[in-house]
Amino acid sequence: MDSEQFRAAAHQMVDYVIDYLDNIRNRRVLPTVEPGYLRKLIPEEAPEQGETWQSIFQDIERVIMPGVTHWHSPNFHAYYPTGNSWPAMLADILSDAIGCVGFSWIASPACTELEVVMMDWLGKLIGLPPVFLASTGGKGGGVIQGTASEAMLVGLLAARSKTLKRLKADNPEKDEKTLASRLVAYSSDQSHSAAERAGLLAGVHVRVLPTDDQLHLRADALQSAIKEDTANGKIPFFVVATLGTTPSCSFDDIEELGPVCNDHLLWLHVDAAYAGSAFVCEEHRHYMKGIERADSFNFNPHKWLLVNFDCSAMWLKDANDIVSAFNVDPIFLKHDHQNSAPDFRHWQIPLGRRFRSLKLWFVMRSYGAQGLRDYIRKQIRLAEQFHHMLAADDRFEFPVAPSMGLVCFRLKGENSLSEALLKRINEAGQVYMIPAKLHETYIIRFAVCSRFTELSDVQASCEEIRRHANETLPAPNQN
């Protein structure tokens, strides 16, 4: 393919993408294929001679689309959103064309410098304290990670390194491996499973603490665990607090947990993967109260802020903690400006990195702060309207109040009723939702995910839910 052939193919692909998203309502949200479907549709080996672009293009609908779950369908209400917007797509095109591997400043100065500035823009947009921003000239700063899971692992590894250095300095006669074996981290029973996975990867035990009746991790539960583990010879060092949990979008009280972590020299990592985007709206920033006590903070613009995957924003109060944990500096990566600008290879697990800050730059400039606020508020309003519609049917109950763009509901009665209802809905494939458990209560999660979702889509989804409920329970009494 030469440049003129690429120009023609690019026009065709852009038209296809626009048509796909403009007409996504017409596609069944869940595919009907079985595992292994794709292997039957393509050859067993790569072609010996190159094929034409048209033959490749025609296979998109024949091979790929039958197996796509349409995350941007207005009928997709599972998990949490994945970001998508025209400006972000344009940014990825440019990033792919530049094709830099921005592991250091010299590898592509614009890649590093735009990321530094965009993380400051974004931090200011959500109301982060200045201590986390590079522009203040202090020790803080932001970096784009791939996912919130990656950010959590990075935070845990930095905390592990910092703690072991302190312990070794205080106890030079102690063996570091022995000290490491005594480390214990904390998450809650509502935290994302990424916390436990980070522990597995880092080789430390993650203790899961119970939440209260409102699904919040409380200071007394943390204090009790610290006291018990310390008495048993363990060394507490890391806490994950969540702002917007996956099951129900509940919020831990950072102002309550922060002093406990600070008093006991525990690294506090705040995971706001989904809900952090809502902090562009001032009315939701009360959830961040006490954030100045955290050591690291993370949310995913690629979830709810119209930025395509992957773009997970992480800020550190003291970037030296992470650099000292990850710094391996062979001669072939050194350059003359190492002390004047960050080399982001020291801030992450991989060495290489893409030019992801272009997406933030394009999106924040295209929408503006007000446009992003309007988008978040509209999605929250749609969730509230769905709740109001479904609440009119007295067969349903809501174990927790709607939170952000998420509504948790269930059929009254045994868990098996709601399990059967969700199975019916997902098998029909017109609406897609997933379950969760709030302690022992089975719930169905309805998340407003697509940027194309309108009130009519929410109404249609509500009717689809009620239609399948009619096959599970008697007809409802309307309130």
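Predicted model: local features only at pLDDT ≥ 70, side-chain atom pairs only at ≥ 80, totals over all residues.
The secondary structure of the chain comes to 14 helices and 11 strands.

How do parts of the chain that lie apart in sequence come together? Among the contacts in the protein chain with a separation of 6 or more, 73% are between residues 24 or more positions apart. Of the 479 residues, 50% count as buried, while the accessible surface of the chain comes to about 21900 Å², with 53% of that area belonging to carbon and sulfur atoms. The side chains include 48 positive and 59 negative ones, and the centres of these two sets lie 2 Å apart.

In soluble globular proteins, nonpolar side chains tend to be buried together. Here the largest nonpolar core has 79 residues, and F297 and W315 are those with the most contacts inside it. Helix α12, which covers residues 357–391, supplies the largest share of this core, namely 8 residues. There is also a second, separate core of 32 residues, which includes A159, L167, I235 and V240.

Computed along the sequence, P35 and M364 are 329 residues apart, and from C-alpha to C-alpha they are 40 Å apart in space.The loop between α10 (301–304) and β7 (312–316) holds D310, and a cis peptide bond, with omega of about 5°, joins F309 and D310. L306 is found in this loop between α10 and β7 as well, and although L306 is not a glycine, its phi is positive, at about 65°. Because buried means under 20% relative accessible area, L306, with 3%, is buried.

A positive phi is also found at C249, a residue other than glycine, where the value is near 60°. C249 lies in the loop between β4 (235–242) and α9 (254–263), and with a relative accessibility of 2% C249 counts as buried.

Key: Residues numbered from 1 in each chain as written. Heavy atoms only, no water. Helix = DSSP H or I, 4+ residues; strand = E, 2+ residues; numbered from the N terminus. Buried < 20%, exposed > 50% of the residue type's maximum accessible area, 1.4 Å probe, protein only. Contact = heavy atoms within 4.5 Å. Areas by Shrake-Rupley, 256 points an atom, 1.4 Å probe, with all protein chains shown as cover. Lys, Arg positive; Asp, Glu negative; His and termini not counted. Charge placed at Lys NZ, Arg CZ, Asp CG, Glu CD. Core = buried A, V, L, I, M, F, W, Y, C linked by side-chain atoms within 4.5 Å.
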